[in-house]
Amino acid sequence: MSTGYTSAHSAPGSPSGTSLDFPSDPSSPIPGGKQPDAARNGRKQDFSNSSYARDRRELLQLLAKLHGTGIQNLLNLPQICVTGSQSVGKSSLIESIGGIKLPRESGTCTRCPMECRLEFAASSKWTCRVSLRIRDGDSLQEYPFGPDLTDPDEVENRLRQAQRALLRPTLQHDAFLDDSDLQIRAGNAMSFTDDCVCVHIRGPDVTDLHFYDLPGIIVNVQEGQDTSDIELVRSMVKRYIEKPGCIALLVVSCETDFENQVAGRLVREVDAGGFNTVGVLTKPDKTDAESAQRWQKINDAYKLQTGWFVVKLPSSQELREGISAEVARQRADAFFKTNEHWVDYALRHPAWIGTENLTDLPRIRDAVQKALVDSMNCLVELPAQLTADPTAEVFARITSFAQRVSIHVRGTAPLQVDRRGLVQQLYATYQEFKHDIRATAPAFDARKGHDDSGADVIEFGSDDEERAVHAPSVKIDEVMRTAIEARTRELPGNYPFSVKAHYIFSFLEEWEAPTFLCFERAFKIFCDEISHLVEEHFAQYTHGGLKSNVQAAISAQLQAIADQARVRLRADMLKETEDIHTQNDHYLASYKAKYLALYKQTRAGCPANRPSPLSAASHVQNALASLSNAGYTGVTKSDLGKLLPTDGLDPAFDIMAEVRAYFQVAYKRYIDSVPQCIEQTLIRAFDQQLSAAIVSDLGLFKAGARAKCETWVREPPAVAEERRELLARKKTLEQAQALLFRFG
C-alpha cells in the first residue's frame with residue numbers, strides 16, 4: 001500500500017512467498033536476499049495496475065455489494081477483523097492502512113465497529129464517504145452521514161461525530177454534524193454499540209482492502225462507568241471473530257507479555273489452530289535483547305498458519321507532533337535497518353501478508369446456494385398461503401380431513417414407527433376385553449377335601465391343553481348339595497335345570513363391567529386419534545377459529561354417536577346375558593365330554609401330585625388298544641376319564657361339565673360380538689356421518705358462510721411475519737447469487 005506511514009516485516013514462522021496486502025516498504029528485502037530492479041528504483045512498476053490488483057479490486061467491490069444486500073446477516077462472508085487489547089497500537093495500525101487519522105481521546109477511543117473499505121480509483125480524486133449502518137429488528141439499514149470528504153484531515157472529526165451519533169440514537173444525525181449534540185444534555189449515551197460506522201475511501205493512492213476495526217478489549221473501566229462494559233466488548237469482538245469466514249487481524253504489543261493481553265487469549269480460544277488469524281506485533285522499539293528474542297519466536301508458542309508480522313508505528317509523542325506519513329515510513333524503515341535487536345530478523349523475513357482466504361468465491365457461491373435452498377425449504381414448510389375462495393378452502397379442508405379419518409378407520413394408514421395406529425390400538429383393547437371375559441370362567445374344583453382357600457384348579461387353555469388356574473373355586477360337594485336342595489317333583493336321579501342356570505348366570509352377570517370398560521377404552525382411543533387428526537389438518541387455522549369450530553362440531557358428533565352406540569351395545573349384551581341358548585350342539589357336547597373327563601380325573605387324583613391315567617402315555621395307549629381288540633372302537637383318550645369312579649357325585653359332575661362347556665360356547669361368541677358392535681355403531685358410524693355433520697354444524701350452506709370462512713382461515717400474524725421475513729431473505733439471497741454468477 002502506498003498510503004500510510006509504516007514498514008511491516010513478517011515475524012517468525014511467516015511463510016515466504018505469501019501474497020502481501022499489508023503496508024510495506026519498497027526497500028524491504030525479499031527471500032534470498034535479492035532485490036528486484038523495481039524495488040531498488042523506488043518501485044517503478046505500478047502494482048495497482050497489475051492483473052492481480054484488478055482481480056482483487058473486482059472481488060472487493062463484489063463483497064461490498066454483498067454487504068449492501070444485508071447478506072452478512074444470513075451467512076458468513078469473508079472479512080478481516082482487526083482486534084486487540086486496549087492501547088496496543090491498533091488505531092495507529094488502522095491509520096497506517098487507511099491513510100486517515102482516527103479519533104484519539106482519553107479512555108477507549110473505538111466504541112463501535114468500523115467498516116473500512118479502501119478502493120483504488122486511478123482517475124478519481126481522493127474522497128471519503130462516512131455512513132452509519134444501524135440494525136432495525138432483523139434487518140440492517142445504512143444511512144449517509146454528511147457529505148463526502150475530500151480532505152483526509154477532516155476524517156478524524158467526522159468519525160468522532162459518527163461514533164457519537166451511534167451512541168446517542170435518540171438524537172437526529174444532523175445534530176452531530178455541527179456538534180450541536182454536545183450542548184444537549186438530555187438522554188444518556190451508550191458506552192458501546194453493535195451498530196457500525198462505515199468508511200469508504202477512494203483514490204489513486206489507495207490500496208484495495210476491506211476490513212473491520214473492532215473496539216479494543218478492555219480489562220477495567222473508569223470510575224463511574226459500568227463494569228459490564230468489559231464483558232459487552234468481549235462478547236461483541238467474539239461474535240465477529242468466531243464467524244467461519246472471518247480472518248482475525250490480531251494486534252499484539254511487544255510492550256506487554258502475550259499472556260497478559262486479553263485479546264490474544266480470546267482469539268486463541270476461538271482459533272486455537274491459528275488457521276484464520278493473522279498476527280501483528282506492534283511497538284518492537286519497546287523490547288530489549290531478551291524480550292525481542294522471545295517475541296521473534298512467538299510462532300512457536302502460538303502458531304499461526306500465516307505467521308506473525310511486525311510493524312513499527314509512530315509513538316504517541318510523534319502523533320502529537322503531527323508526524324507525516326512519509327517521515328513515519330522513513331523512521332520505521334530506519335528502525336528495522338539499524339535496531340540491534342531486529343535488524344537481522346528483518347533481513348531474514350520480508351513483510352508479506354496473505355489474503356487468499358478473501359478470494360474464495362466458490363465457497364461463497366455454495367454458501368449462498370445452501371442458504372437459498374434452506375429458505376425455500378422453510379417457505380415450503382409453512383402452511384400454504386390462501387389464494388382460493390375461503391369457503392372452498394374450508395370445504396377442501398373438511399373433505400381432506402374426512403378422507404384421512406376413513407383411511408385410519410379402515411386401517412390402511414401408513415405405518416408410524418413412533419405411534420400406533422387406530423386399528424392397532426383398538427386391537428390391543430379388544431385383547432384386554434377378551435382376557436377380562438375369560439377371567440370370569442367358573443372354577444369348579446372336583447378334588448376331595450374341604451380346603452376353601454382357593455387352590456390351583458385344572459382348566460383347559462385356548463389350545464385345549466390342561467393348565468392350572470389359581471382362582472376362588474366352587475367345590476363339587478357344594479354343587480351336589482345345591483342340586484339336591486333344588487329338587488322339587490323330579491323323578492329320582494333327575495335334577496332341575498335351574499341349578500345349571502344358576503351357575504351360568506353367575507358368570508354372565510359379571511360381563512357387563514368388562515363390556516362397557518372395553519367400550520369406554522375404545523371411545524377414548526378413538527377420540528384421541530380424531531383430536532390428533534384435527535390438529536394435523538386444522539392447526540394452521542387456530543388463529544381464525546376454524547380449528548375450534550371444527551373441534552366443537554366433532555365433539556358434539558362423537559358424543560351423540562357414542563350415546564347411540566352404548567344403547568345398542570347394552571341391547572346386544574342383554575341378548576347374551578338374559579337368555580341361555582346355543583345352536584352349536586357339537587361344540588357344547590365336545591367341551592362337556594372334555595370337562596367331564598377332566599373333573600373325574602381330578603377327583604381320582606390331582607395331576608400335580610402323581611401321574612394321572614390321562615397323562616401316562618404308554619398306559620393310555622395300551623388301554624385304547626385293548627378296548628379296540630375287545631370291539632370297543634372309536635374310544636379316545638378323553639373317554640377314558642369317564643370310566644373313573646364318581647363317588648356318587650354323577651349329577652354334580654354333569655352340572656359342572658355342562659356349565660363349563662356353555663361358558664366356552666358363550667365366551668367365544670361374546671368376545672367377537674362386542675368388538676363388532678363397537679366397530680359398527682361407534683367407529684364406522686362416525687366415519688360415515690363425519691363430513692356431512694361438520695358441514696351442517698358449521699352452517700356452510702347458510703347465509704353469511706363466506707364471511708365466517710374468511711375469518712376462520714385468516715393467517716396468524718406470526719406466520720405472516722415469518723413468511724414476510726423468509727421472502728425478504730430469499731430475495732436478498734437471489735440478489736447475492738446473481739451478483740456472484742455475474743462476477744464469474
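Student: How many disulfides does the structure hold?
Tutor: It holds zero disulfides, a disulfide being a pair of cysteine sulfur atoms within 2.5 Å. Cys196 is in none, and the nearest cysteine sulfur, that of Cys198, is 4.3 Å away. Please keep in mind that this is a predicted model, where local features need pLDDT of at least 70, side-chain atom pairs count only at pLDDT 80 or more, and totals for chains, interfaces and linings use all residues. Residues are numbered from 1 along each chain as its sequence is written, and side-chain values use heavy atoms, with hydrogens and water left out.

Student: Is Cys196 buried or exposed?
Tutor: Cys196 counts as buried because its relative accessibility is 4%; buried means under 20% relative accessible area, exposed over 50%, and partly exposed in between, using a 1.4 Å probe and protein chains only. Cys527 is buried too, with a relative accessible area of 18%.

Student: Switching topic, where does Ser131 lie?
Tutor: Ser131 lies in strand β4, residues 127-136, where strands (E, at least two residues) and helices (H or I, at least four) are DSSP runs numbered from the N terminus. Ser131 counts as buried, at 8% relative accessibility.

Student: And which residues does Ser131 touch?
Tutor: Leaving out residues up to four places away in sequence, Ser131 touches Glu142, Tyr143, Pro144, Phe145, Cys196, Val197 and Cys198, contact meaning heavy atoms within 4.5 Å.
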